[in-house]
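Subject: Structure handover

Hello,

Here is the structure I said I would pass on. Please look through it first; my notes follow below.

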Amino acid sequence: MATLEQGNQQSRKNVELSIHENRLVSMEQHQDPKGEDFNYAKRGQWLRAAILGANDGLVSVASLMMGIGAVKREVMAMILAGFAGLVAGACSMAIGEFVSVYTQRDIEVAQMKRDKRNNSTVGDDEDEELPNPFQAAIASALAFAVGAVVPLLAAAFIREHKVRLGMVIAASSLTLLVFGWVGAALGRTPVVRSAVRVLVGGWMAMAVTFGLTKLIGSTGL
């Protein structure tokens, strides 16, 4: 009997040790971004906001400067237009993200209150998981400004009109490729497809803005 009890105790210890090791392995795989079980979908919210803000800033300001450059040859006209676009766009992104995230926060708080009234168990750290609208607003504004600075710097020190336009296109194209590559790398999606998609979208925006502004400017409207 003593031998049997000792064998049972040893078996239980082996089982507990095995469970503990499995939990440790599972936690390491979840925490390691290179692990196969890492949930990349959790990166989606902040990654979307950062990439969207920077991409919007770059494409919006570059397209605006290309539109002004279609009818104005002066470098100051393009710089002022780009700077105005940077400030207006950053403010718009910040306000829009603030309202959006605050609405999401209100919905989650209301749901938590309903759960408490229904005697549902609520975790002690749920308040820490609520989205921060101020942080989201600042992050969106900064991301927009980072993208918008690129075409401004590309055009700031070039006097020749055609060369200036070419530099805006080249700098914007290179940065769009970088944005597409970074987004794909962080989200573990196909890099080439993502980069090309972002690049083509930026080209289309700049081409349409340049063409329509040139058309309207040539007709004298």
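Start with helix 4, which covers residues 133-156: its axis and that of helix 5 come within 8 Å and cross at roughly 150 degrees. An angle over 145 degrees counts as roughly antiparallel, and helix 4 and helix 5 are therefore roughly antiparallel to each other. The crossing of helix 4 with helix 5 is right-handed. Please keep in mind that this is a predicted model.

For orientation, the overall picture is as follows. The protein chain contains 6 helices and 0 strands, so its pattern, read along the sequence, is α-α-α-α-α-α. The chain has 221 residues, of which 31% count as buried.

Next, the pair formed by helix 5 and helix 6. Helix 5 spans 161-187 and helix 6 spans 191-219. How do the axes of helix 5 and helix 6 cross? They come within 7 Å and cross at roughly 150 degrees. That angle makes helix 5 roughly antiparallel to helix 6. The crossing of these two helices, helix 5 and helix 6, is right-handed.

Val-178 and Leu-199 are 21 residues apart along the chain, and their C-alpha atoms are separated by 9.4 Å. Val-178 belongs to helix 5. Is Val-178 buried or partly exposed? Its relative accessibility is 40%, so Val-178 counts as partly exposed; that class lies between the buried limit of under 20% and the exposed limit of over 50%.

The residues that make it are:

Which helices supply at least two residues each to the nonpolar patch? Helix 5 and helix 6 both do. Helix 6 gives the largest share of the patch, with 6 residues. With a relative accessible area of 43%, Trp-203 is partly exposed.

Regards

Note on methods. Residues are numbered from 1 along each chain as its sequence is written. This is a predicted model: local features need pLDDT of at least 70, side-chain atom pairs count only at pLDDT 80 or more; totals for chains, interfaces and linings use all residues. Side-chain values use heavy atoms; hydrogens and water are left out. Helices (H or I, at least four residues) and strands (E, at least two) are DSSP runs, numbered from the N terminus. Buried means under 20% relative accessible area, exposed over 50%, partly exposed in between (1.4 Å probe, protein chains only). Axes are lines fitted to C-alpha atoms, for helices over the stretch in contact, and angles run from 0 to 180 degrees between N-to-C directions. Angles under 35 degrees count as roughly parallel, over 145 as roughly antiparallel, 65 to 115 as roughly perpendicular and the rest as oblique. A crossing is left-handed if the near helix is turned anticlockwise from the far one by less than a right angle, and right-handed if clockwise.
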